[in-house]
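Please examine the structure shown below.

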Amino acid sequence: MTALPSPARSEHLAQSPAVRRDGRWRLVATSGSVTVTDPVFTGQLNSFATAMAAADQAVAGRPVQQDQPPARPDGRRR
């Protein structure tokens, strides 16, 4: 009996149409997808993904301040 391969992990880049699957970037739309082959563009996508991951970790590590009211959209405290 042959084992089935594990499902590939897909990673969206923020809210963009760029998706990294099996280490390769694709631009995805409702009509289909296209593999990104330009090394400069894939390098930029990799840089953005690294920056987003670092930002996510920084935000996840911040303590929650429950003693202060939430900030308004203009940045001032309520």
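In this predicted model, strand E3, which covers residues 24–29, and strand E4, which covers residues 32–35, pair in the antiparallel sense over four bridges. Within this pairing, Val28 has Ser33 of E4 opposite it. The link from E3 to E4 is a hairpin of two residues.

The pairing of E1 with E2 is also described by bridges. Strand E2 spans residues 18–21, and three bridges connect it to E1 in the antiparallel sense. Here Ser10 stands opposite Arg21 in E2.

These pairings belong to an open sheet of four strands, arranged in the order E1-E2-E3-E4 with antiparallel pairing. Strand E1 (10–12) and E4 each have a single partner strand, so they stand at the edges and one side of each is left without a neighbour in the sheet. From one strand to the next, the twist averages 30°.

Helix H1, formed by residues 39–60, lies across E1, E2 and E3, and its direction is at about 90° to that of E3.

Which residues make a nonpolar surface patch with Leu27? Val34 and Phe41 do so, and the patch made by Leu27, Val34 and Phe41 has an area of about 230 Å².

Notes
Residues are numbered from 1 along each chain as its sequence is written. This is a predicted model: local features need pLDDT of at least 70, side-chain atom pairs count only at pLDDT 80 or more; totals for chains, interfaces and linings use all residues. Side-chain values use heavy atoms; hydrogens and water are left out. Patches are made of residues with over 30% relative accessible area and no salt bridge: like charges are joined within 9 Å, nonpolar side chains (Val, Leu, Ile, Met, Phe, Trp, Tyr) within 5 Å. Accessible areas come from the Shrake-Rupley method with a 1.4 Å probe; for residues, only the protein chains shown count as cover. A salt bridge is a side-chain nitrogen of Lys or Arg within 4 Å of a carboxyl oxygen of Asp or Glu. Two strands pair if DSSP finds at least two bridges between them. Axes are lines fitted to C-alpha atoms, for helices over the stretch in contact, and angles run from 0 to 180 degrees between N-to-C directions. Contact means heavy atoms within 4.5 Å.
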